[in-house]
Amino acid sequence: MIKPARFTSLIAAPLALCASALAASPQAPAAKGKPAAVHSGEKAPDHAGGPVHWTYSGATGPDSWGDLADGFRQCKTGHMQSPIDLGASDIQGQINVRTAYRPGTMSVLNNGHTIQVNFPEGSILSSGIARYKLVQAHFHTPSEETIYGVPYPMVAHFVHTDYAGNLAVLGVLFEEGAHNPELDKIIKAAPRSEAAARLVDGVTLDPARLLPSDLAVWRYDGSLTTPPCSEGVRWHVAMQPVAASAAQIAAIHAIIGDNARPIQPRHGRLLVGGTSGQ
Ligand SMILES: [Zn+2]
């Protein structure tokens, strides 16, 4: 794991500008205004007008996503795709990422690709000068992100959107360890097969309890990791993993299977390994 040196705080400002520029670029609009569809299977129509079927292996796997529908082309032509390997960051600096997550109701769905938790309004992620509201979190087994080529057994992607529909993701890596009580609420409620969102009666989920104590992050600009692979997504991945028991990780994997998109080329993108600034 990288031990970040404390440099100046000048990183936050350029990154904020960078995100604004991305949001205004012609590459970004596909991700705008569609936060709920981030991992919903994205029902882009095929030639017969039905939803496009995509998978994590075989003929409709990641190597073919860009050819499955016109709307998925960025999966193969994009130069700012996710996930990426996070091992070798270009620079280190203070990245001001803060969360103000609140306990609330929990809706859980299974979209055939992952388990997803939808959150009520009221939880906020700040990244530099930008603020985003928490919309949903979902899981990948193993983690899509690798560190020097090595994945963690699981990652949760907390997906946020700003007032204009720009997306920011906070990735939380899971390692095998102690039982995770907050995660258990999700596992107990998760539909075993494809099912629409359902409010879980009598359960309060505190998303803050799924975060590491230190929010030093890797930071880069990327994309959705599922079709349509839209770019303009502001990525943060916490350097400190959180624990879940082997049985919990296995329980989630039993539902979602191997659903990690392979690592994508950096194409010269800046990867910052940061300190939390707290
Ligand atoms: Zn994801």
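The chain folds into 5 helices and 15 strands, and the model you are looking at is predicted.

**Exercise 1. Describe how the chain is packed overall.**

Solution. Start with burial: of the 278 residues in the chain, 45% are buried. Next, turn to the contacts with a sequence separation of 6 or more: 74% of them join residues 24 or more positions apart.

**Exercise 2. Work out how helices H4 and H5 are arranged.**

Solution. First find the two elements: H4 spans residues 181–189 and H5 spans residues 246–256. Their axes come within 11 Å and cross at roughly 30 degrees. Angles under 35 degrees count as roughly parallel, so H4 is roughly parallel to H5. The crossing of H4 with H5 is left-handed.

Now look at the side of each helix that takes part. H4 brings Leu183, Asp184 and Ile187, which meet Gln248, Ala251 and Ile252 of H5. Sorted by class, this contact holds 4 nonpolar, 1 polar and 1 charged residues.

**Exercise 3. Explore the largest nonpolar core, then zoom in on Val172.**

Solution. As background, nonpolar side chains in soluble globular proteins tend to be buried together. In this model, the largest nonpolar core has 60 residues, and those touching the most other members are Met154, Phe158, Val169, Val172, Phe174, Val217 and Ala238. Strand E10, residues 167–176, gives the most to this core, with 7 residues.

Finally, select Val172 and leave out residues up to four places away in sequence: Val172 then touches Val155, Ala156, Phe158, Leu210, Leu211, Pro212, Ala238 and Val242.

How values were computed
Residues are numbered from 1 along each chain as its sequence is written. This is a predicted model: local features need pLDDT of at least 70, side-chain atom pairs count only at pLDDT 80 or more; totals for chains, interfaces and linings use all residues. Axes are lines fitted to C-alpha atoms, for helices over the stretch in contact, and angles run from 0 to 180 degrees between N-to-C directions. Helices (H or I, at least four residues) and strands (E, at least two) are DSSP runs, numbered from the N terminus. Angles under 35 degrees count as roughly parallel, over 145 as roughly antiparallel, 65 to 115 as roughly perpendicular and the rest as oblique. A crossing is left-handed if the near helix is turned anticlockwise from the far one by less than a right angle, and right-handed if clockwise. Two residues are in contact if their C-beta atoms, placed from the backbone, lie within 7 Å. Ala, Val, Leu, Ile, Met, Phe, Trp, Tyr, Cys and Pro count as nonpolar, Asp, Glu, Lys and Arg as charged, and the others, Gly among them, as polar. A nonpolar core is a set of buried Ala, Val, Leu, Ile, Met, Phe, Trp, Tyr and Cys residues joined through C-beta atoms within 7 Å. A residue is buried if 20 or more other C-beta atoms lie within 10 Å of its own, exposed if 12 or fewer, and partly exposed in between; C-beta atoms are placed from the backbone.
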